[in-house]
Amino acid sequence: MSTESASKPVQVAGATKKRGKAKYIVLLGLVLIVVLAQQTGLLGFGVAHLRAATFPRDESLLEYVQGSVPGVVIVDPHQIDLKALGAEGGSVRQHIERTRDDIKKATGIDLGFDVDKLVVAPSLVVARGRFNEQKLAERLATHNYVQAEYKGVRYLLRAGEDAIAVRDGSILLYGAEPEIRASIDAEEAGTSLASRDEATSRLAHIGWDRPLLGVALLSESKPSLRAILTGSTGPRAVTVGVSLKGGLSATVAIDAASAEAAEELRKLLEEKRANVDALKALAGPEPGAALAEIAKRATLAVEPASGRLTVQVDVHPEEIEPLAKAGQAAAGSLGEMYKNVRLLQLLAPGP
């Protein structure tokens with residue numbers, strides 16, 4: 001009797017020690033998982049993916065873009081569904097994968113993993129993500145890029161061609177050297193695109209919860225009295241938002257000088273989309289027919305109070321491939337298209 005009662009506390013104490021040891025092992029395992037996730041970028045990627053889904057608005061990236069630019073395109077890789085862009089072996093998917101591979105080979109940067117948001121201006125690219133400045137410098141040193149500095153900001157330069165800068169490991173700037181310096185000046189002086197309400201308000205109107213969002217400022221956002229009274233038909237700005245859910249869905253907002261001008265533009269577009277023969281002549285028989293169907297489904301509506309024409313266009317997945325091929329044929333090969341984009345200098349800089 002006494003022997004049994006004496007052994008029970010020992011067993012309980014042993015079980016408690018085992019449970020305590022198990023807790024420490026689990027805790028240590030969690031710490032190791034977090035550390036590994038941090039080191040490999042998985043933690044930052046996961047947080048960024050959650051942020052893209054819950055708080056997609058990121059006007060702070062526009063602080064690195066000069067306020068004088070005519071427009072920008074914003075890409076959110078976290079919101080891109082490649083399946084909506086056609087079959088896996090299609091030209092659109094191949095183009096995206098090839099671009100991703102080329103950039104990764106040249107810089108070590110994975111567009112699908114390291115980049116959380118991308119702002120493309122006419123002569124500057126701004127990216128938010130996770131970037132290793134030292135590793136990037138080592139890779140580009142083999143392509144004759146050297147260290148340079150402006151106002152305390154270091155960047156990599158290939159004289160007479162292009163430059164790239166990493167700021168605080170989370171912002172990447174790419175463009176010609178004058179554009180990199182202008183970006184630094186704009187961010188420092190507060191004269192960036194983020195300070196222009198005519199740009200930020202239009203982007204917000206379309207919605208930041210789009211994988212592709214863009215605005216083009218064509219003229220003064222506030223027209224003169226003469227333009228208002230004469231009903232000038234010239235658009236003031238065009239804003240585009242693209243979603244990829246079961247296909248491609250694009251919302252285009254065209255700001256005119258007045259409601260009358262917006263209505264005139266709507267009537268003109270109605271006439272254009274009714275001309276199937278012209279569409280076939282433009283894109284070819286098969287793509288032209290697909291283009292005619294897409295145009296037929298599109299909706300056009302004018303907001304009288306704002307003088308804005310909104311066009312909603314939906315493209316089914318099976319329609320993307322013939323349109324992409326038609327565009328490829330019209331512009332030449334994809335390789336030739338690459339040459340017209342300054343970003344090629346980053347993808348495959350010369351020896």
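Begin with the lining of the largest cavity, which by class holds six nonpolar, no polar and two charged residues, where Ala, Val, Leu, Ile, Met, Phe, Trp, Tyr, Cys and Pro count as nonpolar, Asp, Glu, Lys and Arg as charged, and the others, Gly among them, as polar. The model on display is predicted, so that local features need pLDDT of at least 70 and side-chain atom pairs count only at pLDDT 80 or more, while totals for chains, interfaces and linings use all residues. Residues are numbered from 1 along each chain as its sequence is written, and side-chain values use heavy atoms, with hydrogens and water left out.

To see the lining, select E133, L136, R154, Y155, L156, I164, A165 and V166. The elements that give two or more residues to this lining are α4 (133–141), β5 (153–158) and β6 (162–167); helices (H or I, at least four residues) and strands (E, at least two) are DSSP runs, numbered from the N terminus. A cavity is here a set of points on a 1 Å grid over the protein atoms alone where a 1.4 Å probe fits but cannot get out, and lining residues have an atom within 4 Å of a point. The volume of the largest cavity is about 30 Å³, a volume being the space filled by probe spheres set on the points, which are joined across faces, edges and corners.

Turn next to the salt bridges, each a side-chain nitrogen of Lys or Arg within 4 Å of a carboxyl oxygen of Asp or Glu; the count by this rule is 18.

Select D58 and R128, which form a salt bridge with their closest N and O atoms 2.8 Å apart. D58 lies in the loop between α2 (42–54) and β1 (71–75), and R128 in strand β3 (residues 124–129), so the pair ties together parts that are 70 residues apart in sequence. D58 counts as buried at 5% relative accessibility, and R128 also counts as buried, at 16%; buried means under 20% relative accessible area, exposed over 50%, and partly exposed in between (1.4 Å probe, protein chains only).

Move on to E270 and R273, whose side chains meet in a salt bridge at 2.9 Å, N to O. Both lie in helix α8 (residues 259–274), three residues apart, and are thus separated by about one helical turn. E270 is partly exposed at 24% relative accessibility, and R273 is partly exposed at 22%.

Key:
1 Å grid on protein atoms, 1.4 Å probe; cavity = no way out; pocket = protein on both sides within 12 Å on 5 of 7 lines; lining within 4 Å.
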